[in-house]
Amino acid sequence: MTIVALEEIKLPPGQRLLGLDLGEKTIGLALSDRLLSVASPYKTLKRGKFTADAPLLDHIISVEGVGGLVVGLPLNMDG
């Protein structure tokens, strides 16, 4: 697992981060502001085949000006 500080992420000015919480049945999305100071819930997608999910994620990335993805590490509640 790679953990980097926010300062180490090199994004073009004004680009945002999109967080993905990959569940078995859904994908939760959170979108940062353009200053990368806070993320807010964005959408929950019903999970399907990757070939169907990828174009939708690509559309969100291009429309919202996303420059990087943050993927959650799936853990059980007990860690």
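Tutor: Helices (H or I, at least four residues) and strands (E, at least two) are DSSP runs, numbered from the N terminus. On that basis the elements of the protein run β-β-β-α-β from the N terminus on. This is a predicted model, in which local features need pLDDT of at least 70 and side-chain atom pairs count only at pLDDT 80 or more, whereas totals for chains, interfaces and linings use all residues. Residues are numbered from 1 along each chain as its sequence is written, and side-chain values use heavy atoms, with hydrogens and water left out.

A pocket is an open set of points on a 1 Å grid over the protein atoms alone, where a 1.4 Å probe fits, with protein on both sides within 12 Å along at least five of seven lines; lining residues have an atom within 4 Å of a point. Volume is the space filled by probe spheres set on the points, which are joined across faces, edges and corners. For the largest pocket this volume is about 180 Å³.

Its lining comprises 14 residues, and Leu6, Ile9, Leu17, Ser32 and Val70 lie nearest the centre. Both β1 (16–22) and β2 (26–32) supply at least two lining residues each, and β1 gives the largest share, 3 residues. By class, the lining has 11 nonpolar residues (Ala, Val, Leu, Ile, Met, Phe, Trp, Tyr, Cys and Pro), no charged ones (Asp, Glu, Lys and Arg) and 3 polar ones (the others, Gly among them).
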